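Biologist: Please show the structure. I shall then ask about several of its features in turn.

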Amino acid sequence: MQTPINPISGEWLPLLVQEHGIMENEALIFCKVMVMDKTAVVALGGNAILRPGQRGTYAEQMENIQASCQTLVQLVQDGYKLILTHGNGPQVGNLLIQNECTAQTIPIQPLHSCVAQTQGQLGYMIQSSLDNIFKQRGLTVRTATIVTRVLVDAKDPAFEAPSKPVGPFFSKEHAQARIECGETWMNDSGRGWRRMVPSPIPQEIVELEIIRNTFDQCAVTIAVGGGGIPVIENDNQLIGIDAVIDKDLASSLMARSLCIDSFIILTDVNNVKLNFGQPHEINLSELTVAEGERHIANGQFGVGSMAPKVQAALEFVKSTGHHALITSLTELGTALKGKAGTVIRP
């Protein structure tokens with residue numbers, strides 16, 4: 001077969017269809033896969049699944065996911081192979097509330113089990129939405145979801161200082177009542193009070209080689225959902241531990257481990273900002289590693305919101321020399337053209 005000048009234009013189609021009996025639609029996908037040479041880890045923020053003011057019903061979350069997946073499918077059509085990760089803070093928080101409300105009749109499940117439950121549910125919802133949109137566009141594209149464990153250090157200081165917000169926003173009065181019950185709560189960037197749980201640093205992705213092999217065969221692989229299910233090693237055994245790993249830090253670790261080209265963090269703001277929420281707020285179009293580290297040291301970014309995103313991007317850029325991007329889902333297409341978002345560079 002003669003090598004075409006431009007495979008994605010379909011110049012292989014006549015040979016594939018006439019000489020090999022391949023359906024025209026499948027032949028076009030084959031041509032496109034041959035030039036799918038851009039790889040990216042895309043970390044979906046909570047706004048892609050649950051938006052402010054929503055109760056978190058299945059129908060609400062599915063509608064949000066379907067809208068988000070339209071943009072992700074376009075990325076695949078533009079030549080990207082994707083590994084998708086997603087947050088689960090609101091969903092885990094809701095499960096914890098359900099645990100408390102039904103404790104008299106149904107045994108309470110540990111936090112790491114709640115992480116696993118939400119990882120499976122959200123992975124199913126995202127994969128189903130992707131598959132249906134690909135079919136609507138007449139595309140045959142392989143997708144996969146991998147339940148993923150992430151190893152953490154049992155002696156991580158995070159277990160003594162909970163810092164990861166989970167669940168919905170509540171009033172100060174509600175938070176104070178829960179604090180008196182022994183929980184840790186914090187005002188999250190002025191938007192309300194949220195429960196805080198331990199968030200240890202991810203050390204190793206247990207299913208990394210499975211993810212690597214799946215990524216070779218699929219256009220979209222969903223993995224490390226919610227930062228991964230936290231486990232520790234004890235007597236050569238992997239044991240679940242109660243925590244929620246930051247999904248951006250875990251996504252960065254995966255992107256570095258798999259030598260991915262691009263790391264994209266999608267959140268609910270278009271840019272990284274200095275002086276967030278203040279009269280002299282500044283949108284950043286780009287950020288060097290040195291600048292980012294200085295701003296983090298100066299406390300510019302919210303501990304439970306933007307700080308781990310910037311830190312995750314910095315670690316990817318320092319390790320690979322590639323650029324990272326932080327932007328909103330709605331501005332992703334524009335940001336990839338260099339006209340929106342914040343690019344983190346060496």
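Modeller: Ser251 is found in helix H8, helices being DSSP runs of H or I with at least four residues, numbered from the N terminus. This is a predicted model in which local features need pLDDT of at least 70 and side-chain atom pairs pLDDT 80 or more, whereas totals for chains, interfaces and linings use all residues. Residues are numbered from 1 along each chain as its sequence is written, and side-chain values use heavy atoms, without hydrogens and water.

Biologist: Does Ser251 count as buried or exposed?

Modeller: Buried means under 20% relative accessible area, exposed over 50%, and partly exposed in between, with a 1.4 Å probe and protein chains only. The relative accessibility of Ser251 is 0%, and therefore Ser251 counts as buried.

Biologist: Which side chain does the side chain of Ser251 join in a polar contact?

Modeller: Contact means heavy atoms within 4.5 Å. Leaving aside neighbours within four places in sequence, Ser251 is in contact with Val41, Ala43, Thr85 and Phe263. A polar contact is a pair of N or O atoms within 3.5 Å; within protein, one must be able to donate a hydrogen and the other to accept it, and residues adjacent in sequence count only if both atoms are side-chain atoms. At 2.7 Å, the polar contact of the Ser251 side chain is with that of Thr85.

Biologist: How are H8 and H10 oriented to each other?

Modeller: Helix H8 (residues 247-257) packs against helix H10 (residues 306-320) at about 10 degrees, with axes 8 Å apart. Axes are lines fitted to C-alpha atoms, for helices over the stretch in contact, and angles run from 0 to 180 degrees between N-to-C directions. Angles under 35 degrees count as roughly parallel, over 145 as roughly antiparallel, 65 to 115 as roughly perpendicular and the rest as oblique. H8 and H10 are therefore roughly parallel.

How values were computed:
Helices (H or I, at least four residues) and strands (E, at least two) are DSSP runs, numbered from the N terminus.
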